[in-house]
Structures are given as structure tokens and as C-alpha cells.
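I opened this entry to keep a record of what I looked up, in the order in which I looked.

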Amino acid sequence: MHRRNIAVVESAAVKGLEIEIRFLDHGAPTAKAAAGHLGVDVGAIANSLIFRAIGRSGAGRTILVMTSGAHRVDTAHLAEVIDVARIERATPDQVLKATGQIIGGVAPCGHPAPVETYVDRALSGYPQLWAAAGTVDSMFPLSYEELVRLTDGTEVEVAP
């Protein structure tokens, strides 16, 4: 098991969750690819997306948005919801720095430090979700309630 997978398992254990990582035959860097590998609806894939929330003063902070693979984050809407001037996609370097993980394998946990997290309420419509487990070839199942607890996330609508 990769050190990033171990960090995810250990981080979940701190929150009282015992997760079981499923390793895929090859990488699944997109929600569609992951859903195909797992044989689930793409909406049940809990995408971990890293953004920069830019405040009215121009200062930015890193945020994690857990969203359904079935739709996109409306950044203008989300900026209004969380009361910032704008939201921008993080660069690959910013993603790696914030999470210790690479794009396509970003997990909802296992990061070097806590990341402010928002959880898409659309995910609550699925009895079982699948999230990346720190590498592009690993996923783990969990419920919506477990995702919110695991991330200490704020539940939001990420699109109008």
C-alpha cells in the first residue's frame, strides 16, 4: 500500500471510520472512469476538487469541494454561498501542497493539514459513495454522513 493510502486509512481511523481501500487494475483519474471500473452511477463518485477561494481583499485560501461526479461546481454560485469574491481552480502544485496527493487521486482526508471542506448535498442522494484513496488507482466506499464526518465538511449546494 502506498504511503498516501496509509495516510487516508489513518486519517479515517482518527474520525472513527474503518475504511477498506479497493485497488483498481489501472488508474481512474476521472469520475466517469472510476464509475466504469466500479460499476456504479457516476453521481456516486465523490470528486475531491481543490480550489482557491479569493476573498474581497484579494487574499486566497485553499478549499476542498467534495462534489458528485454527475455535475460540475458552479464557482460563481459557490463563491456567493461561502461569501468570497471568486473561486479559482488550484494548480497541480497547489493541490499537491495542500493535500500531499496528486490530481486524480485526491482523497477527502489524509492531508498534511486540515483543508476547509464543502460537501455537495447532491451526494446525499446516493446510499453509497466512492472517493479516491490518495492514489489514482484506489477508491473507498462510504456513506454521505460518513463523508461529512470524515471531512468536517460544510454541506452546501455547489450549483443553483
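This is a predicted model: local features need pLDDT of at least 70, side-chain atom pairs count only at pLDDT 80 or more; totals for chains, interfaces and linings use all residues.

Residues are numbered from 1 along each chain as its sequence is written, and side-chain values use heavy atoms, with hydrogens and water left out.

**Entry 1: Ala59**

I looked up Ala59 and noted that, at 48% relative accessibility, it counts as partly exposed. Ala59 is in the loop between β2 and β3, where helices (H or I, at least four residues) and strands (E, at least two) are DSSP runs numbered from the N terminus. Taking contact as heavy atoms within 4.5 Å, I found that Ala59 touches Ala53 and Ile54 when residues up to four places away in sequence are not counted. I also noted the C-alpha to C-alpha distance from Ala59 to Ala85, which is 9.9 Å for two residues 26 apart in sequence.

**Entry 2: helix α1**

The twelve residues should span 16 Å, and the end C-alpha atoms are 17 Å apart, which agrees.

Which residues of α1 are buried? I listed Arg4, Asn5, Val8 and Ala12. They cover an arc of only 105° around the axis, which puts them on the same side of α1; the arc is that of the directions from the helix axis to the C-beta atoms. I set beside this the general rule that an α-helix has 3.6 residues a turn, so residues three or four places apart point the same way. The buried residues of α1 pack against β1 (22–23), β7 (138–142) and α5 (144–151), whereas Arg3, Glu10 and Val14, on the other side of α1, are exposed. After α1 comes Gly16, with a positive phi near 80°.

**Entry 3: charged pairs**

For salt bridges I required a side-chain nitrogen of Lys or Arg within 4 Å of a carboxyl oxygen of Asp or Glu, and by this rule the count comes to five.

I looked up Arg56 and Asp83, which form a salt bridge with the closest N and O atoms 3.0 Å apart. Arg56 lies in the loop between β2 (45–54) and β3 (60–68) and Asp83 in the loop between α3 (75–81) and β4 (86–89), so the pair ties together parts that are 27 residues apart in sequence. Both Arg56 and Asp83 are exposed.

Glu116 and Arg61 meet in another salt bridge, at 2.6 Å from N to O. Glu116 lies in strand β5 (residues 116–120) and Arg61 in strand β3, so this pair ties together parts that are 55 residues apart in sequence. Glu116 is partly exposed, with a relative accessible area of 30%, and Arg61, at 30%, is partly exposed as well.

The side chains of Arg86 and Glu88 also form a salt bridge, at 2.7 Å from N to O; Arg86 is partly exposed at 42%, and Glu88 is partly exposed at 32%.

**Entry 4: Pro108**

Is Pro108 buried or exposed? At 3% relative accessibility, Pro108 counts as buried, and its place is in the loop between α4 (92–99) and β5. Beyond neighbours within four places in sequence, Pro108 has contacts that include Ser48, Leu64, Met66, Phe140 and Leu147. The C-alpha atoms of Pro108 and Ser48 are separated by 6.1 Å, although the two residues are 60 apart along the chain.

**Entry 5: positive phi**

As a reference I wrote down that most residues other than glycine have a negative phi. Asp83, which is not a glycine, has a positive phi of about 60°, and at 53% relative accessibility Asp83 counts as exposed. Asp152, also not a glycine, has a positive phi of about 55°. Asp152 is in the loop between α5 and β8 (154–156) and counts as exposed at 55%.

Note on methods: The expected span of a helix is 1.5 Å times one less than its number of residues. Buried means under 20% relative accessible area, exposed over 50%, partly exposed in between (1.4 Å probe, protein chains only).
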